[in-house]
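Open the model in your viewer and keep the selection tool at hand. The tour goes stop by stop, with a short note on what to look for at each.

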Amino acid sequence: MSAPFLHLHPNDNVLVARSTAPEGAKVVLEGGPFVLTQPIPLAHKIAYRDIAAGERILKYGMPIGIATQDIPAGAHVHIHNIRSAYTATYALDDANGLNQGETK
Amino acid sequence: MTEEITGYLRSDGRKGIRNSVVVAYLVECAHFVASKIVAGFDGEDVQLIGFPGCFPNEYAARVMEQLCTHPNVGAVLFVSLGCESFDKVRVSTAVKNSGRPVETLVIQKSGGTASTVQSGRDWVQNALDQVAKVDRVPMGVHELVIGTICGGSDGTSGISGNPAAGRAFDLLIGEGAACIFEETGEMISCEDIMAERAVTPELGEELRAAVQKAERYYDTLGYGSFAAGNAAGGLSTIEEKSLGAYVKSGDSRISGLIKPGDVPPKGGLYLMDVVPDGEVRFGFPNISDNAEIVEMIASGAHLTLFVTGRGSVVGSAISPVIKICANPDTYRALSGDMDVNAGDIIEGRRTIDEVGQEIRDLVVSVAKGAETKSEALGHREFILTYKTFEPIGPSCLPAV
């Protein structure tokens with residue numbers, strides 16, 4: 001396996017974890033090396049660069065939602081800081097993906 | 001791989017890859033008796049389907065008719081309570097006219113539970129002997145109809161499993177097969193790029209209108225086509241889920257737009273519009289994954305590709321389900337239920353092309369009779385509920 005995070009399209013402002021990355025893992029962002037301040041589960045996203053509130057989130061080079069707050073580079077990007085431009089997202093308490101081990 | 005599929009020839013010229021005897025209940029009140037009949041045939045290809053409602057519905061009647069005359073079906077036993085609204089004469093006549101053995105047992109006139117179960121088992125035993133005599137003929141990949149759905153999606157689905165399924169679709173369409181993708185509620189935000197792939201501008205407008213209809217429908221419901229597990233698996237919005245789901249359509253041009261029960265008239269790629277027409281009447285378009293699989297089968301799908309990230313274990317009545325696991329952690333946890341490990345793509349072990357080729361080869365081998373994991377485990381899920389559809393428009397199908 002190569003890098004632990006995927007940059008799916010050159011225009012994307014998020015990276016996707018290709019395996020669950022522990023807190024303290026090193027990742028290269030647009031601005032240079034970064035150390036994760038929290039674990040990121042497989043297939044969850046982090047900010048590739050600083051993203052301003054109201055900015056579109058791009059994945060696959062396509063818009064997947066809108067930032068509801070300023071998101072610093074390296075932070076987890078998910079339902080707590082982005083929203084759909086269409087319909088609201090329904091989620092339960094395990095939406096951060098980190099307590100799913102308990103239910104396995 | 002050599003392509004010597006041997007199909008079961010039906011009177012309408014279509015060929016099946018399975019030869020099942022189906023027992024269909026026509027109202028929930030007949031469900032138990034029908035399931036007791038099927039329970040007498042453990043290990044044989046006797047399958048239970050049915051419709052639970054007591055009130056009439058044209059969509060359900062048409063889907064039931066298409067399922068009972070599906071090329072994978074050899075004979076049908078209907079089980080009626082007797083006072084429900086389902087038009088049992090219409091559906092049994094359609095099966096009879098297709099040349100298949102058919103019988104209808106009415107519980108209220110057959111002496112109740114025990115006696116109907118006995119009569120049903122006697123009929124099914126005889127039907128098994130009859131379907132064993134159906135002609136076997138050579139069948140090509142170009143005669144296959146293949147559906148694809150995704151369920152239990154997560155952030156891996158759109159990166160590994162769905163692109164690999166799309167690659168398999170491209171290969172199969174290149175060989176002349178008809179491939180169907182669906183869930184217009186999961187194409188939201190993809191309508192423009194999808195419309196550009198239509199073979200005619202008029203079809204492109206139909207595709208766009210179908211997605212806009214889905215958007216309005218889900219807006220009225222107040223929920224997107226999005227389950228809580230999608231978020232736990234890293235998907236944040238419906239448009240993120242949609243983009244991941246859309247790639248399972250591959251890169252081929254889109255030949256047509258169909259609705260549940262419409263059979264593709266020739267090879268190519270088809271979008272199935274699964275969102276009801278008109279006002280919101282009966283609730284969610286598809287209440288769970290098997291409702292989508294059943295609609296694929298009603299449109300002639302011989303088998304269905306099912307891409308999962310979180311880990312679904314379902315199969316289906318009538319047509320085999322090939323399970324493609326997008327998530328490498330899920331594959332390790334549920335490998336006994338998964339046919340293909342597309343998680344290899346996430347971990348950098350194999351390419352999308354390699355897994356796409358594996359899926360295409362597996363389609364042929366299942367068509368030749370190999371059991372999928374869900375078939376071998378005995379999964380035969382089925383669900384059919386209420387919907388309302390208008391017929392498709394004149395620009396929706398390619399010229400034959």
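The model is a predicted one. Its scores are ipTM 0.91 and pTM 0.95.

**Stop 1: chain A**

Select chain A and colour by secondary structure. You will find 9 strands and 0 helices. Along the sequence the pattern reads β-β-β-β-β-β-β-β-β. The radius of gyration of chain A is 13 Å, close to the 13 Å that the globule rule gives for 104 residues, so chain A is as compact as a globular protein of that length. Along the principal axes, the C-alpha atoms of chain A fill a box of roughly 35 × 35 × 20 Å.

Now pick residues 26-29 and 32-35 of chain A. These are strand 3 and strand 4, which run antiparallel and are joined by 4 bridges. A hairpin of 2 residues links strand 3 of chain A to strand 4 of chain A. Show Leu29(A) and Gly32(A). Gly32(A), in strand 4 of chain A, stands opposite Leu29(A).

**Stop 2: chain B as a whole**

Switch to chain B. It holds 14 helices and 14 strands. The radius of gyration of chain B is 20 Å, close to the 21 Å that the globule rule gives for 400 residues, so chain B is as compact as a globular protein of that length. Its C-alpha atoms fill a box of roughly 60 × 50 × 45 Å along the principal axes. Colour by confidence next. The average pLDDT of chain B is 96, and 99% of the residues score at least 70.

The domain assignment gives domain 1 (20-133) and domain 2 (141-377).

**Stop 3: the sheet of four**

An open sheet of 4 strands has the order 4-3-5-6, with parallel pairing. Which strands stand at the edges? They are strand 4 and strand 6 (102-106) of chain B; each has a single partner strand, so one side of each is left without a neighbour in the sheet. On average, neighbouring strands of this sheet are turned by 20 degrees against each other, direction ignored.

Zoom in on strand 3 and strand 4 of chain B. They run parallel, joined by 5 bridges. Show Tyr25(B): its bridge partner in strand 4 of chain B is Gly50(B).

Helix 4 lies across strand 3, strand 4, strand 5 (73-80) and strand 6 of chain B. It runs at about 170 degrees to strand 5 of chain B.

**Stop 4: between the domains**

Show domain 1 and domain 2 of chain B in two colours. Their C-alpha centres lie 29 Å apart. The contact takes 13 residues from domain 1 of chain B and 10 residues from domain 2 of chain B. On the side of domain 1 that touches domain 2, strand 3 (20-25), strand 4 (46-50) and helix 2 (58-68) of chain B each supply at least two residues. Helix 2 of chain B gives the largest share of that side, 4 residues. By class, that side of domain 1 divides into 7 nonpolar, 5 polar and 1 charged.

**Stop 5: the sheet of seven**

An open sheet of 7 strands has the order 10-11-9-8-12-13-14, with parallel pairing. The edge strands are strand 10 (254-258) and strand 14 (340-341) of chain B, and each pairs on one side only.

Strand 10 of chain B pairs in the parallel sense with strand 11 (residues 268-272) of chain B over 4 bridges. Show Ile254(B), which stands opposite Leu269(B) in strand 11 of chain B.

Bring in helix 7 (residues 201-221) of chain B. Helix 7 lies across strand 10 and strand 11 of chain B. Its angle to strand 10 of chain B is about 50 degrees.

**Stop 6: where the chains meet**

How many residues of chain B are in contact with chain A? The count is 29 residues of chain B, in contact with 33 residues of chain A. Helix 7, helix 8 (228-232), helix 9 (238-246) and helix 11 (328-334) of chain B each supply at least two residues of the side that touches chain A. The largest share of that side, 4 residues, comes from helix 9 of chain B. Colour the side of chain B that touches chain A by class: it has 12 nonpolar, 10 polar and 7 charged residues.

Terms used:
Residues are numbered from 1 along each chain as its sequence is written. Chains are lettered from A and ligands numbered from 1 in the order in which they are written. This is a predicted model: local features need pLDDT of at least 70, side-chain atom pairs count only at pLDDT 80 or more; totals for chains, interfaces and linings use all residues. Two strands pair if DSSP finds at least two bridges between them. Two residues are in contact if their C-beta atoms, placed from the backbone, lie within 7 Å. Axes are lines fitted to C-alpha atoms, for helices over the stretch in contact, and angles run from 0 to 180 degrees between N-to-C directions. Ala, Val, Leu, Ile, Met, Phe, Trp, Tyr, Cys and Pro count as nonpolar, Asp, Glu, Lys and Arg as charged, and the others, Gly among them, as polar. pLDDT is the predictor's confidence in each residue, from 0 to 100. Domain bounds come from an automatic or database domain assignment. The radius of gyration is taken over C-alpha atoms; the globule rule is 2.2 Å times the number of residues to the power 0.38.
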